[in-house]
Amino acid sequence: MVYSYLGSARIFASHYQLVICDDLNKFINDNDNWNDDKVARGFAGMPSFRMVGTEADLNDHWVELVLSQTPPNIEEWQRITCVDFSTQNGNVYIMSVVDSEPPIAVKVEPGKYSAYFAAQNLGIDQLSLGELSDDTNAELSDKKLATRKDIE
């Protein structure tokens, strides 16, 4: 498989969604926002600003961005959401809908891409595993979160 690792970061998926976009100041109109059909397919937005749904209640995700010529192996993931993504300027930002600074920001060749969001352990997080409670606040470090394969 030919791929290039572009970056990774902890992203707080506010309102159960991650964003991939090429312009931090872009806004979407009501027609491009979430509705029942878009919730069912797992994403909303327009090609240069996509919002992809998540499930874990803590909304705390480790996200890795890879540029690849092949899609993810379907056998390795519980769910793969593919969205069409285009960048006119070569910018790619991966972030939450509430971030003012994107945790992942890279440059690629301007153009049209297929963006795959591959997830496993949907809805599973520290809270659902009983690792967090009113008495215990054991939030994972970025290094530890990156190694956890048992949570979304």
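The lining of the second largest pocket in this predicted model is made up of nine nonpolar, two polar and three charged residues.

**Second largest pocket**
- A total of 14 residues line the second largest pocket, and Lys 26, Phe 27, Ile 28, Phe 49 and Val 97 are the closest to its centre.
- At least two residues of this lining come from each of strand 2, strand 4 and strand 7.

**Largest pocket**
- The lining of the largest pocket has 43 residues, with Glu 64, Trp 77, Tyr 116, Phe 117 and Ala 118 nearest its centre.
- By type, the lining of the largest pocket holds 27 nonpolar, 10 polar and six charged residues.
- Strand 5 gives the largest share of this lining, eight residues.
- Other elements that each supply at least two residues include strand 1 (3-12), strand 9 (111-119) and helix 2 (142-147).

- Most residues other than glycine have a negative phi.
- His 15 counts as exposed because its relative accessibility is 60%, and the cut-off for exposed is over 50%.
- Asn 59 is buried because its relative accessible area is 7%, and buried means under 20%.

Methods: Residues numbered from 1 in each chain as written. Predicted model: local features only at pLDDT ≥ 70, side-chain atom pairs only at ≥ 80, totals over all residues. Heavy atoms only, no water. 1 Å grid on protein atoms, 1.4 Å probe; cavity = no way out; pocket = protein on both sides within 12 Å on 5 of 7 lines; lining within 4 Å. Helix = DSSP H or I, 4+ residues; strand = E, 2+ residues; numbered from the N terminus. Nonpolar A, V, L, I, M, F, W, Y, C, P; charged D, E, K, R; others polar. Buried < 20%, exposed > 50% of the residue type's maximum accessible area, 1.4 Å probe, protein only.
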